[in-house]
Amino acid sequence: MKKIDINLIREDMDRCYLCKKPRCKANCPIETPIPNIIQLYKDGKIDEAAEILFNNNPLSAVCGVICPHEDQCLGNCIRGIKDEPVKFHELETYISSEYLKNARFEQVNKLNDKIAIIGSGPAGITLAFILAKKGYKITMFEKNSQIGGVLRYGIPSFRLSGEILDNIEERLLELNVKIRYNTLVGPVLTVDKLLEDGYKAIFIGTGVWNPKPLRIKGESLGHVHYAIDYLKSPKSFRLGKKVVVIGAGNVAMDAARTAKYYGAEEVIVAYRKDFAHMSATKAEINDAKEEGVKFELFKAPVEIVDEGVVFIDTKMVEEDGKEKMVDIEGSEKLMEADSVIIAVSQSPKNNIVSNTDNLETNKQGLIVIDEIGHTTKRGVFACGDVVTGAKTVVEAVAHGKKVAEAIDDFCKNEE
Ligand code: FAD
């Protein structure tokens, strides 16, 4: 994680125009009241600023570090038109991580209703904080040995420190949240069993943990790995000297940077289009370049073989006024690699849906919900990646806030 210099932050905040109609706030998916926070900070009211940030976004400390700021607050700062934009996310990271470290929570209200939260990623954590603060008895079920979801088992620790998640866990425990680690809900502990055991409402925030395959020959060979599996425990993998990563999103960048971090001499990201089409943020691409990751553009994988990957060259053409990618026939060529990492998105696992009646999913296996987050099974709610497909942390949190309120209403009306 990049080190923060508080003196530089202070100077930067003095550059903020404190706009009356702030574009930074308007382009933040969770509408962080940015000028308000900056003003409080300048007035020395840091505790107040921290509470506002936390109450608006319990994962503010995480979002300060890993949100795609260039599309949000940073990219929409009015000062950025002619000059450097104000880096509000650095102030947010500083204030919010100090708050998580130093605040002490207590569950003041006590209600009798029990709520089960399945999954401890950004969505589950958001609901746990909001509903525990309202007084509900929360049990969080997590299949891994630590909380955090992608934040712990996907995003590398050089990008997001585990300390933030440790502090989140401490604050959840102070609110009497019970955490059942290493507990996969679905095959043995089913959703129906939880309902039978008296949970008034159940929340599913289980994310997307099945890698999407390339559907080409050679994907099952021993030197081929899916990024989502690799990033879970990169230290266990012996990738060799030369690694080819296929894909161009943030997951591909994380896999490539992690492979480099753990000692691969040459890491190449191969992508079928150009930089402009990549879904990874510019910041992630630049960091990867700075760390020595190489890029091979206009290459589409055809087959994986023991020696590496056979790619065909591609090009963009215009057809009926639309841009289209086409293969260049006869251009197939082997790119040698000791290991290949495939990073072309993820889809949900079906542990829960295959063991639960009346829980509808769409064609992609994503859980179907109504406008308030209620699934097709009464008392069972969902949000986050398991509903939307792979998105961002701030989107999972923003949606999670609304679903928490819907669960609260549901429990009250069921009385
Ligand atoms: P998850 O974070 O996936 O959490 C789901 C949790 O449920 C996990 O802890 C899982 O173990 C648990 N679980 C699953 N099934 C069960 C079960 N049956 N029983 C019990 N527990 C279960 N977003 C950004 O905003 N910025 C980034 O820089 C960024 N980088 C990313 C890098 C990577 C490598 C990946 C994979 C994603 C990245 N994202 C990023 C996306 C972001 O992390 C996700 O959108 C977000 O984590 C979704 O939150 P969630 O709570 O829905 O799911």
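I'll start with helix α4, residues 46-56, and helix α6: their axes come within 9 Å and cross at roughly 95°. Angles from 65 to 115 degrees count as roughly perpendicular, and α4 and α6 are therefore roughly perpendicular to each other. Please keep in mind that this is a predicted model.

Which residues meet here? On the α4 side they are I46, A49, A50, E51, L53 and F54, and on the α6 side F88, E92, I95, S96, Y99 and L100. Sorted by class, this contact of α4 with α6 has 9 nonpolar, 1 polar and 2 charged residues.

Next, what else packs on α6? Helix α1, residues 6-14, has an axis that comes within 9 Å of the axis of α6, residues 88-102, and the two cross at roughly 130°. That angle makes α1 oblique to α6. The handedness of this crossing is left-handed.

From α1, the contact uses I6, I9 and M13; from α6, it uses F88, E90, L91 and Y94. In classes, that is 6 nonpolar residues, no polar ones and 1 charged. F88 of α6 is on the list for α1, and F88 is also on the list for α4.

How many cavities of 30 Å³ or more does the structure hold? The count is 1. For the largest cavity, the volume is about 90 Å³. There are 13 lining residues, and those closest to the centre of the cavity are C28, T32, C67, C73 and E92. E92 has come up already, as one of the α6 residues that meet α4.

Helix α7 covers residues 122-134 and helix α9 covers residues 162-174. Their axes come within 10 Å, with a crossing angle of roughly 35°. Is this crossing left-handed or right-handed? For α7 and α9 it is left-handed.

The residues that meet are I125, A128 and F129 in α7, and I168, R171 and L172 in α9. By class, the α7 contact with α9 has 5 nonpolar residues, no polar ones and 1 charged.

To recap, α6 crosses α4 at roughly 95° and α1 at roughly 130°, E92 is among the residues closest to the centre of the largest cavity, and α7 crosses α9 at roughly 35°.

How values were computed:
Residues are numbered from 1 along each chain as its sequence is written. This is a predicted model: local features need pLDDT of at least 70, side-chain atom pairs count only at pLDDT 80 or more; totals for chains, interfaces and linings use all residues. Side-chain values use heavy atoms; hydrogens and water are left out. Axes are lines fitted to C-alpha atoms, for helices over the stretch in contact, and angles run from 0 to 180 degrees between N-to-C directions. Helices (H or I, at least four residues) and strands (E, at least two) are DSSP runs, numbered from the N terminus. Angles under 35 degrees count as roughly parallel, over 145 as roughly antiparallel, 65 to 115 as roughly perpendicular and the rest as oblique. A crossing is left-handed if the near helix is turned anticlockwise from the far one by less than a right angle, and right-handed if clockwise. Contact means heavy atoms within 4.5 Å. Ala, Val, Leu, Ile, Met, Phe, Trp, Tyr, Cys and Pro count as nonpolar, Asp, Glu, Lys and Arg as charged, and the others, Gly among them, as polar. On a 1 Å grid over the protein atoms alone, a cavity is a set of points where a 1.4 Å probe fits but cannot get out, and a pocket is an open set with protein on both sides within 12 Å along at least five of seven lines; lining residues have an atom within 4 Å of a point. Grid points are joined across faces, edges and corners, and a volume is the space filled by probe spheres set on the points.
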